[in-house]
Amino acid sequence: EEEGEERDANSTNDDEKISYPWTSYHTFTMICLRICGDLLFVLPMIFDEELRVGSLASLQTFSYVNICRFIGTFLSIFWSPFNMKWFSDNSQNITVVYAGFGGLFAVSFGLCFFLNTPPYIIALQSVIYLLYGVSYSIYNSGTLATAMQHSRPEAQGTLLSLLSMSWSLSSGLYVVCAYLIKRHPSLPFITFGALLMAFAGLIHATYNFPVQATPNVHNLYQHLNLRQVINVIKDDFYCIVFAISFFVGVASGANLTVLGSPFLHDLYGLDVTLVGWALMVIFVGELSSNLYMVACIEKQGFFATAALGMVLKITAAVCLLAISLFRDATFGSNLVVALCTLFVVFFAWELVFVSLLAAVNHAVDIKEQNVNHENSARSHKRLVFMIQFVAISAAKPIGVWFASEVWRHNSGLFDVGLFYLANTLVASVLYCIYYLKVMKHNARVTALDTDSERSPLI
């Protein structure tokens, strides 16, 4: 016992000697960089009705830009070995370089609107946003890795919550983007692309974190191979979570394509400026969801939070079907009903998405009990999160393609709503299966070893 106490004391002293240079300045600048990147990532989908006019393309043709953007996020997983080779897995340098490239790609995308050759505009913009998707995925995860590497362990949960709010905060700039698009479609991409490069340069100039040596262990980026990926996907816990992520991603791709400018412009006749103001409901919905999660997820557990999100997603899908069926009645033509539906859709999306992250994290914790080396455990967790991100990113183009095919001016909402409902129901059933599987695992762990240090999943 005395030896154990001595080791604990030494461990405590070692922790106290470690320097954690992360400050509120670093949090602020990282959030600003992420806000610019998140806004640029979602703009072609939220304002696709106005942007496709600027590109002299149909909605179906412009959907290739959005599809290529998600393909880019999928391809980023295969670029990881090069980052390890070139940057020695230095998250700060990875963030700065790829954020700079992302800003450059965004500015180039905006300059394409000055071309007058429609087929070449879409082709060039699709290639550019595929590259932006690769850059976005890499520097977005790099910001989180940098923050986790240089911040105190006890503050990392709050820090992750703050950085994750960048997506919700970026939706508050939709009004600004609407005014810029009204002047010229290129302006939001040039403006926020330049800001993204500026924040990347600011981070490079002002962050003075000590360089930490990379241990010579089995690193994810050095030894990422197909067999590892297949083994993770085949795991009885992970495969269900990845399937849930896939169907949630398909539903998200469909609603993001339609429930923005096309929905408000075609069905309710709003111009681009009013669309920007109306889309502030997305900002309110996502921000409210984040605040709710911060306050309640620890008390309720991620299964209860996910259940609430699924119920709200089903409710929103039913409302979309009702709006479509009663289009000529007071209910279907009421803009307040439409805005409330948008609020529920994006409030529920945030609940389900964050709950999925929590579910994966807890599943990884169970599996990591069998991983002895700390660095191997971290590599395993990064791989699992990366596969989940790829599952969502690979699923969204399916929803984007379907919604673009069925949507026509003032029609197609019923098909999109039914598609959204079907995918949500499948995801809900899979979540129930996952819940039962976790409960069975907890009961088995408790029965085998009640004194074990292994923590149950919920």
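**Close-up views of a predicted all-chain model**

**View 1. Pro397, a buried proline of helix 21.** At 12% relative accessibility, Pro397 falls under the 20% limit and therefore counts as buried. In this predicted model, Pro397 is found in helix 21, which covers residues 374-406. When neighbours within four places in sequence are left aside, Pro397 is in contact with Ile67 and Phe70.

View 2. Phe237 has its place in the loop between helix 13 (226-234) and helix 14. With a relative accessibility of 5%, Phe237 counts as buried, because the limit for that class is 20%. The C-alpha atoms of Phe237 and Tyr434 are 7.4 Å apart in space, whereas the two residues are 197 apart in sequence.

**View 3. The largest nonpolar core.** This core has 91 residues, and the members that touch the most others are Phe47, Tyr132, Phe263, Leu264 and Leu413. Helix 2 (residues 24-46) gives the most to this core, with 13 residues. Apart from this core lies another, of 26 residues, which includes Met310, Ala363, Tyr434 and Val438. In soluble globular proteins, nonpolar side chains tend to be buried together.

**View 4. The surroundings of Leu264.** Leu264 is one of the residues that touch the most other members of the largest nonpolar core. Not counting residues up to four places away in sequence, Leu264 touches Gly269, Leu270, Val275, Ala278 and Leu279, and also Leu335, Leu339 and Leu342.

**View 5. Ser428 and Tyr435, two residues of helix 22.** Ser428 lies in helix 22, as does Tyr435, and this helix covers residues 413-448. Ser428 has a relative accessible area of 14% and is therefore buried, whereas Tyr435, at 34% relative accessibility, counts as partly exposed. Beyond the residues up to four places away in sequence, Ser428 touches Met310 and Ile314, and Met310 is among the members of the core of 26 residues. The C-alpha atoms of Tyr435 and Ala359 are separated by 9.8 Å, with the two residues 76 apart along the chain.

View 6. Val97, Phe101, Leu104 and Met197 make a nonpolar surface patch of about 310 Å². The largest share of the patch, three residues, comes from helix 6, residues 91-111. Leu104 has its place in helix 6, and its relative accessibility of 42% means that Leu104 counts as partly exposed.

**View 7. The whole protein, for orientation.** The protein has 22 helices and zero strands, and 52% of its 458 residues count as buried. Its accessible surface comes to about 20,700 Å², of which 64% belongs to carbon and sulfur atoms. Among contacts between residues at least 6 apart in sequence, 82% join residues at least 24 apart.

Technical notes. Residues numbered from 1 in each chain as written. Predicted model: local features only at pLDDT ≥ 70, side-chain atom pairs only at ≥ 80, totals over all residues. Heavy atoms only, no water. Patch = residues over 30% accessible without salt bridge, like charges linked within 9 Å, V, L, I, M, F, W, Y side chains within 5 Å. Areas by Shrake-Rupley, 256 points an atom, 1.4 Å probe, with all protein chains shown as cover. Salt bridge = Lys/Arg side-chain N within 4 Å of Asp/Glu carboxyl O. Helix = DSSP H or I, 4+ residues; strand = E, 2+ residues; numbered from the N terminus. Buried < 20%, exposed > 50% of the residue type's maximum accessible area, 1.4 Å probe, protein only. Core = buried A, V, L, I, M, F, W, Y, C linked by side-chain atoms within 4.5 Å. Contact = heavy atoms within 4.5 Å.
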